[in-house]
Amino acid sequence: MEESNYTDVLLVTANVGSLFDNVGEMEKDWLRELYTAIQTYRPRFVALHFQEVGGKEYQSNMEHAENFFRSMESSEEMRDFDRVCTYVDSHFKCVDSFTALGSMYFIHKSLKNIYQYDFNSRDFKPVAGHTKCVGSLEGVTTVQKEKFPKNFWPDFKWSRKGYMRTRWLIHNQGMDLVNVHLFHDASNLIACNSSPSVYSGNRKKALRYVINRICDSSDSPQPYFLFGDFNFRLDTSSLVQHLSISADVQTVKKDSSNEVERIICEEKDNDHKILLQIETKLFAYLHQAVFREDNGKALLKYDKEMEAFKDVMSEEDIPFPPSYPYSEDYSEPTQYMNTRCPAWCDRILYSHTAQEIMHKRQEGEPNVVYNTLGPNVCMGDHKPVFLCFPLKTNAP
């Protein structure tokens with residue numbers, strides 16, 4: 001709906017790595033879930049932020065990824081969106097700058113008053129037709145893209161993580177939309193070592209870096225929405241203590257060194273059944289349903305990484321279970337894999353100034369919706385997360 005002072009907006013973040021590693025299998029269902037949300041909420045502006053475009057085998061999958069974007073752009077379901085802007089960082093040979101981020105923006109034919117910012121000339125320009133920028137994105141002046149500097153984390157493998165920003169003016173209301181992908185937990189064992197974990201500290205540093213960049217006064221800061229795969233994890237050390245409170249905990253070390261190889265928590269009775277087993281890439285908890293019951297609400301107290309940013313950002317209350325790591329098995333769309341501790345990795349955060357331009361409607365009117373796409377459908381290891389809201393605009 002577009003009233004004189006509101007424009008309905010849909011923001012979606014999706015880590016699509018496993019979509020491309022399982023070529024063809026999930027894509028149809030994935031797109032159907034997206035189109036259903038668009039038909040349900042009837043937005044006039046849709047922003048899709050993708051991470052891990054091309055998946056782990058991006059060298060061989062990138063062509064398929066480009067076809068995926070093309071199919072959305074030309075789909076019957078999106079025909080009423082007559083302007084489309086696509087930015088895909090697919091130039092994997094350029095190791096120093098490759099982020100595997102992709103952003104797509106769809107503008108409905110009924111939305112007339114919209115402009116996009118040119119970071120070079122520092123002014124807003126009308127949006128027309130279909131703009132498609134696929135490659136290194138070097139020289140594309142309507143997008144800012146940066147891979148996190150190598151010297152940030154000398155102890156960790158440098159990976160395709162970074163951010164990509166666009167700026168929009170809808171009915172005279174400006175806003176920045178920032179696609180972000182932060183660092184993951186490389187080892188469950190290391191994540192257990194301290195509270196907060198060393199990985200959490202890395203993410204905090206990277207996210208503060210992004211916020212400082214987008215709030216740089218040279219481009220007169222605007223309200224911003226940061227949405228992507230933040231890789232926020234539960235405070236693993238505290239959670240494991242809680243889960244194993246009535247268990248016997250054994251630490252298994254490698255023969256040749258003092259390095260921990262495995263943590264095993266056995267129930268004290270019940271035939272010493274293994275309650276929890278943790279290895280570098282294994283997090284096997286006997287009662288996995290706890291992560292799904294009541295949408296994992298009891299575990300939200302261990303979701304602490306956003307707290308460090310409450311000075312500058314907010315988030316809607318989370319009404320959905322952890323968005324990662326879901327099974328990639330078609331027959332188990334609500335099961336988690338036992339590779340990582342389930343967590344709310346995929347998020348949509350916004351500046352305090354952005355909160356002021358999100359219209360909270362009166363009782364009985366459609367309101368702000370924060371949820372996952374495809375809760376009962378196999379969408380890959382990450383469930384996409386969306387935020388739908390009426391944007392307050394300055395329409396005459």
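These legends walk you through a few views of one predicted model.

Residue numbers start from 1 along each chain as its sequence is written. In this predicted model, local features need pLDDT of at least 70 and side-chain atom pairs count only at pLDDT 80 or more, while totals for chains, interfaces and linings use all residues.

View 1. Helices (H or I, at least four residues) and strands (E, at least two) are DSSP runs, numbered from the N terminus. Along its principal axes, the C-alpha trace spans about 70 × 50 × 45 Å.

**View 2. Inside the chain, 57% of the 396 residues count as buried.** Buried means under 20% relative accessible area (1.4 Å probe, protein chains only). Among contacts (heavy atoms within 4.5 Å) with a separation of 6 or more, 71% join residues 24 or more positions apart.

**View 3. Helix α3 covers residues 58-73.** Its 16 residues should span 22 Å at 1.5 Å a residue, and its end C-alpha atoms are 21 Å apart, which agrees. The expected span is 1.5 Å times one less than the number of residues.

**View 4. Here are the buried residues of α3 and their neighbours.** Tyr 58, Asn 61, Met 62, Phe 68 and Phe 69 are among the buried residues of α3. The partners that the buried residues pack against include the helices α1 (17-21) and α2 (27-41). Strands β2 (45-51), β3 (81-89), β4 (102-108) and β7 (130-135) also pack against them.

Terms used:
Side-chain values use heavy atoms; hydrogens and water are left out. Buried means under 20% relative accessible area, exposed over 50%, partly exposed in between (1.4 Å probe, protein chains only).
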